[in-house]
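The following report describes selected features of a protein structure, shown below.

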There are 2 protein chains.
Amino acid sequence: MKKLINSPETVLAESLDGFAAAHADILVLGEERKFVRRKTLKPGKAALISGGGSGHEPLHAGFVGFGMLDAACPGQVFTSPTPDQMIAALAEVDTGGGALFIVKNYEGDRMNFDMAAELAGSEVLTVITDDDVAVETSTYSIGRRGVAGTMIVEKVVGAAAEAGMPLADLKVLGDRVNARTRSMGVALSSCTVPAAGTPTFTLGENEMEMGVGIHGEPGRRRVALEPAGQIAEEMIAAIAGDLGARGDALLLVNGFGGTPLMELYLMFNAAKAEAEKHGYRVARALVGNYVTSLEMAGCSLTLSLLDDETAGFWDAPVHTAGLRWGM
Amino acid sequence: MKKLINSPETVLAESLDGFAAAHADILVLGEERKFVRRKTLKPGKAALISGGGSGHEPLHAGFVGFGMLDAACPGQVFTSPTPDQMIAALAEVDTGGGALFIVKNYEGDRMNFDMAAELAGSEVLTVITDDDVAVETSTYSIGRRGVAGTMIVEKVVGAAAEAGMPLADLKVLGDRVNARTRSMGVALSSCTVPAAGTPTFTLGENEMEMGVGIHGEPGRRRVALEPAGQIAEEMIAAIAGDLGARGDALLLVNGFGGTPLMELYLMFNAAKAEAEKHGYRVARALVGNYVTSLEMAGCSLTLSLLDDETAGFWDAPVHTAGLRWGM
């Protein structure tokens, strides 16, 4: 295992310390590093809290800040945070408007966020994201996995919360965005969890995992590497087939961490053409590493249908470590 | 070679097409893809033009836009652009204020940018960046290499140009920022140039290249992988020793493309502590993949001394694909 670390045991703590120091204008690290929260809270606003296993950076802590999350609870790499983390975050960021949990659909995450919601004194609602069309159930999930579409839910709902939308409506909006968002991924290499020390899976010299999950979970099939155009064709067909509806969409090309930007833009070029063939108009675009799997090579494609309301929330100002515009 | 491409011959063209489509609000792709330029030019402003081999994205095309570059000329991967590219860019973006070329110190780039400056009808001055303290001369350069510090020069001088600073003063400012900026890199793995098809160099299971260049050029020595803290200690000592002066500084932790954000923030944590030991105050921070080497694993550290003027230009609004704040 070749990593820029001091020891597998201290990776998360040291990384969070660096993250908090680099973004001290936006956020603060909670006690015992249980959560990262916005530096400046807005009294009465419904609080948005997310979290999950680490290793997907900038998701989720990188999306804490104005216009997006109020707090994020980082678990160990690819491991759910524990309920006490969410409870501690809630205690600091619920300023009277209640809280919305945004949770990717994995068993550990759901269980721990549910437990926190039950034990907390706050009013809590939850949006579960499950945008991955690759497989119907997977290693850590019953039902579809929550992947890169999660950040779109966080952005849209975050802007709505900032604009003063009450908790119950945020829940409805979050569910609606999730239902109109579909993703699929492909891996060209595995990643290595620091505590494990060896790659999560292995691929042959010329193989790829079509439909991979963001923890390296198996996808639909392991096949010979194909040209980018063919990969985009299969992924967009799967997404469009599942989404059903057509119209204006946000196209997100999300790198898993080990693929150069040059290839991600090439994939955007291919995916945009495929999306247009299926009747989508690519009204918004985002290309980069946003929901990663450590240093895994590959990417996911996401289409999220937009209407005037959600497009407006997407365009609204945001100021986080991982996403920033309009301010 | 495992890459998300269609063929090595079309990587650059397809990637540029995707890039221009994804950022159509900011920039346009020039004829024959010779350059990328700002969509909206400001008449009379001194034009900033950079460029170089591709494979370092977001540098340089990702820094075209308000507050930074007016145009960037992309060569093939790790290959200088040709003079006709810079001449074509000049013809479109020089609106009467002359042009400043910002050129990384490599023989091919210097020769081609010099030739363009001679042949062009415009008034052209040039800033050469050479911030890499690792080695005194290298594979493609006589004298030090220009690496991640180049983006700091582009940001500071870009903000000054936006504020109306005339060409001659921009040249002085650019030279000053370059002289107060020092970098050093470390690689844990090589990258693979698409046209070559095999890794540029090879490292053993437990080796790293200390002082690596952004094209995989040899550094100071190839040694056994060390803990992050020790790596940061050596790099910051080399940078500080060379820089001499102390004071407020920008600390840039720049990923080479294949290292997860989690490790980059951990390196920031270590580098900040080392910089403080040497008497620097880390007044500004930037962590991420900005001057990459395709999918190379590793990172560089950069310290850039700030004064009130340069800090102000660093903080000024910028709106590019790769860097965006204040608007």
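Contact here means heavy atoms within 4.5 Å. The structure is a predicted model.

## A loop residue in chain B

With contact taken in that sense, B:Thr192 touches a set of residues beyond its neighbours within four places in sequence: B:Met1, B:Lys3, B:Gly197, B:Thr198, B:Pro199, B:Leu294 and B:Glu295. B:Thr192 is placed in the loop between E8 and E9 of chain B. Its relative accessible area is 10%, and B:Thr192 is therefore classed as buried, the limit for that class being under 20%.

## The six-stranded sheet of chain B

In chain B, an open sheet is built from six strands, ordered E10-E9-E8-E13-E11-E12, with mixed pairing. The edge positions belong to strand E10 (221-224) and strand E12 (280-288) of chain B; each has a single partner strand, so one side of each lacks a neighbour in the sheet. On average, and with direction ignored, neighbouring strands of this sheet are turned by 20° against each other.

Helix H6 (residues 228-243) of chain B packs on the sheet, where it touches E8, E9, E10, E12 and strand E13 (298-305) of chain B. The direction of H6 makes about 155° with that of E8(B).

## Strand pairing around E8 and E13

Strand E8 (residues 181-187) of chain B is joined to strand E9 (residues 207-210) of chain B by two bridges, in the antiparallel sense. Within E9(B), the residue opposite B:Val186 is B:Met210. E8(B) also runs antiparallel to E13(B), and seven bridges join these strands.

## Burial of strand E13

E13(B) is mostly covered, with eight of its eight residues buried. Both faces of the strand are covered. On one side lie B:Gly298, B:Ser300, B:Thr302 and B:Ser304, and on the other B:Cys299, B:Leu301, B:Leu303 and B:Leu305; all are buried.

The domain assignment divides chain A into domain 1 (8-180 + 316-325) and domain 2 (183-307). The C-alpha centres of domain 1 and domain 2 of chain A are 23 Å apart. In the contact between them, 35 residues come from domain 1 of chain A and 36 residues from domain 2 of chain A.

Between them, domain 1 and domain 2 of chain A bury about 2,700 Å², of which 62% is on carbon and sulfur atoms. On the side of domain 1 of chain A, the most area is lost to domain 2 of chain A by A:Phe78, A:Val133 and A:Arg180, which together account for 24% of what that side buries.

## Cysteines

How many disulfides are counted over all chains? The count is zero, taking a disulfide as a pair of cysteine sulfur atoms within 2.5 Å. A:Cys191 is in no disulfide, since the nearest cysteine sulfur, that of A:Cys299, is 15 Å away, whereas the cut-off is 2.5 Å.

A:Cys191 has a relative accessible area of 0% and is therefore buried. A:Cys73, at 1% relative accessibility, also counts as buried.

Methods
Residues numbered from 1 in each chain as written. Chains lettered and ligands numbered in written order. Predicted model: local features only at pLDDT ≥ 70, side-chain atom pairs only at ≥ 80, totals over all residues. Heavy atoms only, no water. Buried < 20%, exposed > 50% of the residue type's maximum accessible area, 1.4 Å probe, protein only. Pairing = 2+ DSSP bridges. Helix = DSSP H or I, 4+ residues; strand = E, 2+ residues; numbered from the N terminus. Axes fitted to C-alpha atoms, helices over the stretch in contact; angles between N-to-C directions. Domains from an automatic or database assignment. Buried area = accessible area lost by both parts, 1.4 Å probe.
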